[in-house]
Protein chains: 10
Amino acid sequence: MYVTREQATATCLAAMETGHVTFAALGEAVGRHPVWAAAAVHGQATMTADEAMKAVALLQVDDDVAAALQRIPTKGSDRDVPVDPLLYRFHEINQAFGAAMKSVIHEMFGDGIMSAVDFEVDIQKIADPKGDRVQVTYNGKFLPYRKF
Amino acid sequence: MYVTREQATATCLAAMETGHVTFAALGEAVGRHPVWAAAAVHGQATMTADEAMKAVALLQVDDDVAAALQRIPTKGSDRDVPVDPLLYRFHEINQAFGAAMKSVIHEMFGDGIMSAVDFEVDIQKIADPKGDRVQVTYNGKFLPYRKF
Amino acid sequence: MYVTREQATATCLAAMETGHVTFAALGEAVGRHPVWAAAAVHGQATMTADEAMKAVALLQVDDDVAAALQRIPTKGSDRDVPVDPLLYRFHEINQAFGAAMKSVIHEMFGDGIMSAVDFEVDIQKIADPKGDRVQVTYNGKFLPYRKF
Amino acid sequence: MYVTREQATATCLAAMETGHVTFAALGEAVGRHPVWAAAAVHGQATMTADEAMKAVALLQVDDDVAAALQRIPTKGSDRDVPVDPLLYRFHEINQAFGAAMKSVIHEMFGDGIMSAVDFEVDIQKIADPKGDRVQVTYNGKFLPYRKF
Amino acid sequence: MYVTREQATATCLAAMETGHVTFAALGEAVGRHPVWAAAAVHGQATMTADEAMKAVALLQVDDDVAAALQRIPTKGSDRDVPVDPLLYRFHEINQAFGAAMKSVIHEMFGDGIMSAVDFEVDIQKIADPKGDRVQVTYNGKFLPYRKF
Amino acid sequence: MYVTREQATATCLAAMETGHVTFAALGEAVGRHPVWAAAAVHGQATMTADEAMKAVALLQVDDDVAAALQRIPTKGSDRDVPVDPLLYRFHEINQAFGAAMKSVIHEMFGDGIMSAVDFEVDIQKIADPKGDRVQVTYNGKFLPYRKF
Amino acid sequence: MYVTREQATATCLAAMETGHVTFAALGEAVGRHPVWAAAAVHGQATMTADEAMKAVALLQVDDDVAAALQRIPTKGSDRDVPVDPLLYRFHEINQAFGAAMKSVIHEMFGDGIMSAVDFEVDIQKIADPKGDRVQVTYNGKFLPYRKF
Amino acid sequence: MYVTREQATATCLAAMETGHVTFAALGEAVGRHPVWAAAAVHGQATMTADEAMKAVALLQVDDDVAAALQRIPTKGSDRDVPVDPLLYRFHEINQAFGAAMKSVIHEMFGDGIMSAVDFEVDIQKIADPKGDRVQVTYNGKFLPYRKF
Amino acid sequence: MYVTREQATATCLAAMETGHVTFAALGEAVGRHPVWAAAAVHGQATMTADEAMKAVALLQVDDDVAAALQRIPTKGSDRDVPVDPLLYRFHEINQAFGAAMKSVIHEMFGDGIMSAVDFEVDIQKIADPKGDRVQVTYNGKFLPYRKF
Amino acid sequence: MYVTREQATATCLAAMETGHVTFAALGEAVGRHPVWAAAAVHGQATMTADEAMKAVALLQVDDDVAAALQRIPTKGSDRDVPVDPLLYRFHEINQAFGAAMKSVIHEMFGDGIMSAVDFEVDIQKIADPKGDRVQVTYNGKFLPYRKF
């Protein structure tokens, strides 16, 4: 049976909750970072056949889900401005620090962008007696503007 | 003369270009990270009197600008979804990786958010033979939801 | 059977109407404030296993609903500007008194925000011969901006 | 000279900064709560002639400003969803707790609304060893729906 | 069976068409104005148990519909600006005459609003040889702004 | 000098405030209802030369304003959904009672609309011991849909 | 069975395709212009009982569809700005020629509008060796603004 | 002096009012239809040097305006959905009759569009004892979709 | 059975994945460019009966799908600004290079547009040692504005 | 004097019109493609000091304009969906052919995007007896998604 990308996301998330599978475990199973594994489950990245088979094996879901996980998705989310508070804080960072980051990146690199495609994310927990801290690291290739 | 926050931003940016002052230099002069200094210039952070005086001294702008730099600003930018390509990539990261980051942060920390207020940013250039990379690090306190 | 957060909300609200269960009673059953209990039912807060089991017991709904009530939700509502008159009045308060509250909070606390996460709400009925009054109290931690 | 409401706001805010006048002091001068005084300065409430004259006397601004402060304003702000983080938190509270507050208010009062017109706001600083807290209290008349 | 507010609206409208029941008749049956009866059917007002039982009796629909008609609804419509021509004309009146009505109401009553909650509507057909006219009368309590 | 419609509005409103001229007085001077006079001042209706000359005479403003008052304006306001509370209540009435009014008008008149062009408004103060009431009366020609 | 307006539209369009019935034929069958017949099928105009019975007879669809075709619809479409290229061209005409048409109509008729209710449309194919042309004719009653 | 397109529009409209020049007269002077002449004045069409010189001669405005009238404009208007009632009726026609016109044009011509570029508009006054009528005729080349 | 355009798209895409049919192969089968074939599958272009029969034969889907593929679609997509990164880059090109392309096309061709109807697209892979390149070629008829 | 990017654009465009300088000539003068030169003038690309000096020399504008042309701009345009017909056609192409281009590019290249930064545009006039054609060629590096 043909499984859509949305159905695959729902099926995987339900299976993870029922089977007590974490994204850390899923990432390890498919040989990828937990954030990338979560992105693939949420329909934002494309698994190889091998990765998809390992995922459905771990999650004990139907093999047809594996076909969906290998399909190149239409990426992005429905809302331009998220309302979930955790997601909104990332939006707020762009609102408040976007111009500053643009100024500093141009000062360090010249005219161009940080790629969001040749790009990776890492998340760490930093223990702190005043309260643990979330450390998110973006690492993207600098792409200078081509002149023609 | 009363200087608005918008005028202060324009005046400082013009003075930086004319005087060849970088955000790195401005940050050093006020004793802050270049990104924070850029945020203050762009009207997103509040300088102390001491920081503001050092800034106007370096930039050789009118002392009235210092009053503006100490005024608590109305933060944020005009556009919900930025169109500048560098800024848009940060928006696209939220669109594509937002759900994944939410899933992984909740998995690591439970229900709560990464603060965008008790928060700092760092930007580094990572040399790479295939093309230099931009590394952006967010560091924010984890705030668990209060139950009542 | 896997129950989504939306289904859990609908099931609980229907059970409350059918069983004549108030949010006051639900809050008492789970050991929380009625507003927090209502927020959890509406998919805006996360119950512990213990709280969720007490809730489904009181409401006499399926145990699978308890799993949904423990799942960290994607919070927020569909409409940026609510149209329901009761909800709109809270929006109108922000429109009319937002700038005043910002000015006064900054005057009392400096640059920073009132947290909406380390935060609680209380609602009381104030008897008044000219017509009862609604008293809503917000209590949130002040978070000063971190400098870096 | 005719002074617009927008000019009156800007003139008063500049005079308060230059003259080191707080909203607490302004409220005391006009015999009102600091939040109401701030609302009047921000163009959201209407002063009487007496209040307006006391305000311009304290702020040492032109008498024409007093006429503007007595003019019934077109209230509200430009943005439906604020981007300033302090203002946004009040919006987020509505997003997350709006449905819960609606449920609980209806449970306590029946069908109707909390008035945003026959309404007042108070803000207090609550000292707390883990960090001071902001307490905001809304007090509005309950208006039941009229049947006809 | 639990009937949602949307299902109750659809069921009642279908029953009215099939049974040739007008809003005039429905209003008479429940002891209310036809406009209020129509508002209740459209999910914008709350019936008492007595009114709801009379309504379902007249419409010959299931008793579970009566429970829905007594539930306090989330009011309002999906579209901010209606596209149906009859509805749009009311919007256009606000666009064209809103500022004039605001000016004249403030001139007659001072700063405050016409309540939309302590409020009623009447509609009459005014015979006119050049073409009948629709007369719509709004009657709402004037609420002056509370000072504090 | 050529006076724009926006300038004419601002000039007239300032002159009314300075000269203590009410819309009631202006309406009487030009031989029209105060609401129509206010609409003309706000750039929503077109005066004849005679009406315009009487208006500028009463307001003691420049004759060039009279030319502007005779120019057919581009009508309507900038915001689709008003934020001023008085204006918003009229919008809320449409949101809550729009469908009911549509149903009842169609029941009384068949398919068609109430004209917003062959249309007039009246506003009255209704004394009431529980608080004065605002009565707004719309009177528009019913236009049936033409079949072809 | 109760048939909604949306179901009636879908049913009729499918029947027209299957039965090779054109809007020209449908218009002829119901005694109306093909554009009006198409508007009725698309839920934008109301048929009489006689017209509806002729339509369902021609289309060989269920009689319940006839009830839907006689129901006064909520008119208009979901998108403010259409994206279908044929529909968009009509929007573009308004964008580019709207101000010109407003100027010329006011010059010819004075202040008022062309009714969209007492209104009809005709479409003709104009043969042209350089490519056939579409001729669309709007014919609406001029409604002058009522003064009051 | 360089005159922008917006300044040229304002200058021409003021000159037409002052000099009592109609679009009919302007069209005749430049050898074009009044609607086209109005479109050119409103910044939606491009005059030749000859047309522009005739226009500025008739309007007795500065020769620099002629350069602006020959500049290819950025066409269209600021608002997607117009609020002026005359302009809105054209929008409403698209909302209500758009789908019908699309259906009938495809039935008559196949898949393609009516060009809004190889296109012209005419407006006539049709005398009618029940009230004059506005007749607007669009005439655009049919462009079939190219297959490739 | 009547198959909607949306169902036809979903059925064809599923069949292509299951049957390992590429758009290159589909284009060849129907005698069209792969981009045109993809547009037809995505509901943006209309197949002839012959093309549609060849398509369903290759894809081994139901013949009723062929009827859908011959139906003239309502074209366009739901989102004005796409969020999928590949699609967004095309939007970004318009944002950044739109004004430049408009300037250069007008310089080369005069006032008019590149048709999006008498139009075709080609896509090629350009091998490059520094990374393959995507070459997209648009070819549309220039349409000069008609004067009237 | 400090010249903003917007002033530089306006100054250059006016100088080009006055001095009869084409983008072809400007491109040649600065050693770039006319489209790139136009993008730089429109504030979408960054000139080197050498390019900027050549540009101001050709255009005979103030040297301060050269500083503006070397400043890295905030790119993009004000409107998400353009209304100018030439610009809109590019938007319409994305609406109609976007999904097809995404499908075909993924089929040819796998998951990734065509860069809009390492990217160039060319525009040619293709003579055609049935009407000249505009040929626009995009050439951007394919960027595959990085896995991590």
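Two strands pair if DSSP finds at least two bridges between them, and helices (H or I, at least four residues) and strands (E, at least two) are DSSP runs, numbered from the N terminus. The model is predicted, so that local features need pLDDT of at least 70 and side-chain atom pairs count only at pLDDT 80 or more, while totals for chains, interfaces and linings use all residues. Residues are numbered from 1 along each chain as its sequence is written, and chains are lettered from A and ligands numbered from 1 in the order in which they are written.

**View 1. The hairpin of β1(I) and β2(I).** Strand β1 (residues 112-126) of chain I pairs with β2(I) in the antiparallel sense, over eleven bridges, and I:Ile126 has I:Arg133 in β2(I) as its bridge partner. Six residues lie between the two strands of this hairpin, where I:Gly131 takes a positive phi near 130 degrees. Strand β2 (residues 133-144) of chain I is largely enclosed by the rest of the structure, because nine of its twelve residues are buried (a residue is buried if 20 or more other C-beta atoms, placed from the backbone, lie within 10 Å of its own, exposed if 12 or fewer, and partly exposed in between).

**View 2. Strand β2(I) beside strand β2 of chain J.** β2(I) also pairs with strand β2 (residues 133-144) of chain J, in the antiparallel sense and over nine bridges. Within this pairing, J:Tyr138 in β2(J) is the residue that I:Val136 stands opposite.

**View 3. Helices α2(I) and α4(I) where their axes cross.** The axes of helix α2 (residues 23-30) and helix α4 (residues 49-59), both of chain I, come within 8 Å and cross at roughly 135 degrees, the axes being lines fitted to C-alpha atoms, for helices over the stretch in contact, with angles running from 0 to 180 degrees between N-to-C directions. α2(I) and α4(I) are therefore oblique to each other (angles under 35 degrees count as roughly parallel, over 145 as roughly antiparallel, 65 to 115 as roughly perpendicular and the rest as oblique). From α2(I), residues I:Leu26, I:Ala29 and I:Val30 meet I:Glu51, I:Lys54, I:Ala55 and I:Leu58 in α4(I), where two residues are in contact if their C-beta atoms, placed from the backbone, lie within 7 Å. By class, this contact of α2(I) with α4(I) has five nonpolar, no polar and two charged residues (Ala, Val, Leu, Ile, Met, Phe, Trp, Tyr, Cys and Pro count as nonpolar, Asp, Glu, Lys and Arg as charged, and the others, Gly among them, as polar).

**View 4. Helix α3(J) and what covers its buried residues.** Helix α3 (residues 34-41) of chain J is mostly covered, with eight of its eight residues buried, among them J:Pro34, J:Trp36 and J:Val41. The cover includes α6 (85-109) of chain I, together with α1 (5-19), α2 (23-30), α5 (63-70) and β1 (112-126) of chain J. Just after α3(J), J:Gly43 takes a positive phi of about 80 degrees.

**View 5. The contact between chain C and chain D.** Chain C gives 58 residues to this contact and chain D gives 58 residues. On the side of chain C that touches chain D, the largest share, 23 residues, comes from α6(C), and the residues of that side of chain C divide into 32 nonpolar, 15 polar and eleven charged. Nine bridges join β2(C) to strand β2 (residues 133-144) of chain D, the two running antiparallel, and C:Tyr138 stands opposite D:Val136 in β2(D).
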